[in-house]
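Here is a friendly walk through this model, strand by strand and then on to the ligand. Keep the structure open beside you as you read.

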Amino acid sequence: MSNDNPLFALAAIISSGVHTLNDAYSQRGHSFPSLTEPFRPGPLDDDKDVADATHLIVAAAHQIIATVRKPMDTFLDYAPAMYMSRTLGFADEMNIADLLKDKPEGMHVDDIGAKIDVDSVTLARILRYLATRHVFREVAPNVFANNRLSSFMEKVHPIEEIKPKSLTLYDGAPAAAFVGHATDETFKSLDNFSSFVRDRKAKDPPFKLTFKTQKTLWQWYEEPDNQWRGRRFAAAMKGFGDHIPSSAYIEGFDWQSLKPDSVVVDVGGSLGTAMLVLVNAFPHLKFVVQDLEPVIVDARKFWDEKAPELVSSGQVSFQGAGNFFEPQVSKQTDVYFLRLVLHDWPDSANEKILNNLRAVAAPHTKIVIFDTIMPLACPDEAGPPPPPFPLLANLGLAVGGFLTMLDLQMLTSFNGQERTFTQFVELGARTGWKFEGVKPGMLSAFVFSTA
Ligand SMILES: C[S@@+](CC[C@H](N)C(=O)[O-])C[C@H]1O[C@@H](n2cnc3c(N)ncnc32)[C@H](O)[C@@H]1O
């Protein structure tokens, strides 16, 4: 069987990847987690070899489906993908995963429907749509149970304590938080996606057009009725951040080279979760978490719980007056750190943010930017090494899938974007920052010095 043949080559990638996963788990005395059972954290969840093999399997499996399926069948799947968003959003709103928690035998739709006051026949149709796509399981006719995917949407609070729209509803529940965020404010914003893209002069993103506001998403989250949504967004961000290995932050910059008591300012830091990694690894440094005031209120609470001793010793401090479009209040800082900040804004806004930092920089100041690098779907000399034939250069759904989704999410919510390597370097050059190097990864670390 020739591996020049795309179908055989894809099948071989899947087969070899499955062997890698199986070997990795059996060497640890485990079997690969079952899709049927609820999610439990496992010893290899963050293992790099497992992640690499998984990427290849996912990229190849998706490509083999696109190859063998009749084109019309693929469009019948892709075009109505909104039902996936809507049914997931519904399951989250109705806390169905929480209702099914610890019930391996499942619940009949009559009982679920009675609990959430929804017609059981319609409910069965919704849950069957999801179960067909491996979210929930239909264990007997009209009886549904959690599986590995649906259980991952459980919230932390017991079902009887869940109150819709409460501030802490999504704390510690990143999957539910992401589902809620994507299927609520983002999904609604898509009503104006096409008109925004077709209007070449448009500055206001679909989000502003849909919600008829001049506020940014961040300012909108500060409104009393939306604060729970802002907190939900922070929970989703934290979940994403937790998937980035600590080594990415530790190795992304030569922190050890900084003198004792050097100051690192986390600009637009939200809760400052990235600083939690750095403060433990580099206790000779001081850290300041900067954001808008309401966010800093939450950040203080987060640190008071996680590491109160670092707050009382002054090693970690907070600045609520950290609007990055105003002159920077922490002047001549050693390092300004920006994680997933620049992708929220168009180039013009990024120029203001970086110019404001440049205006108060000392000659030795560095900026460290953690953001994604947008990979192309075709071979690219500036990109990562090419994957095995016939996979797409960005590994299709496995890697490019997330990044292209995030890029459109940024466009929809903020008129922001994920940027290519060259776009970052040029942005620095336009704002007085000289590119020094990049450490590529799930989040890449760009280092710039004063030009
Ligand atoms: C995508 S989040 C990234 C948060 C954090 N850096 C992280 O990686 O978890 C962007 C952050 O920018 C903050 N932000 C938005 N507008 C801001 C402004 N004008 N000044 C300072 N921070 C702002 C938001 O509150 C939010 O916490």
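Trp433 stands opposite Thr450 in β10. The model is predicted: local features need pLDDT of at least 70, side-chain atom pairs count only at pLDDT 80 or more, and totals for chains, interfaces and linings use all residues. Residues are numbered from 1 along each chain as its sequence is written, and side-chain values use heavy atoms, with hydrogens and water left out.

β9 and strand β10 (residues 444-450) pair in the antiparallel sense over 6 bridges. The two form a hairpin, with 4 residues between them. Strands here are DSSP runs of E with at least two residues, helices are runs of H or I with at least four, and both are numbered from the N terminus. Two strands count as paired if DSSP finds at least two bridges between them.

Angles run from 0 to 180 degrees between N-to-C directions, with axes fitted as lines to C-alpha atoms, for helices over the stretch in contact.

Phe287 has Val316 in β6 as its bridge partner. Contact here means heavy atoms within 4.5 Å.

**Around the ligand**

Which residues are closest to the ligand? Of the 16 residues that surround the ligand, the closest are Gly268, Asp291, Asn323, Phe324 and Arg339.

| Residue | Protein atom | Ligand atom | Distance |
|---|---|---|---|
| Gly268 | backbone N or O | nitrogen | 2.8 Å |
| Asn323 | polar side-chain atom | nitrogen | 2.9 Å |
| Phe324 | backbone N or O | nitrogen | 2.9 Å |

Taken alone, the ligand exposes 590 Å², and the protein buries 95% of that. These accessible areas come from the Shrake-Rupley method with a 1.4 Å probe.

**The three-stranded sheet**

Another open sheet has 3 strands in the order β1-β3-β2, with antiparallel pairing. Since β1 (107-108) and β2 (137-140) stand at the edges, each with a single partner strand, one side of each is left without a neighbour in the sheet. β2 is joined to strand β3 (residues 143-145) by 3 bridges, and the two run antiparallel. Arg137 stands opposite Ala145 in β3. Helix α7 (residues 120-132) lies across β2 and β3 and runs at about 45° to β3.

**Two backbone details**

Phe389 and Pro390 are joined by a cis peptide bond, with omega about 0°. Pro390 is found in the loop between β8 (366-371) and α19 (400-414). Asn95 has a positive phi of about 55° although it is not a glycine, and Asn95 lies in the loop between α4 (82-93) and α5 (96-99).

Technical notes. Near = heavy atom within 4 Å. Polar contact = N/O pair within 3.5 Å; in protein donor to acceptor, adjacent residues only side chain to side chain.
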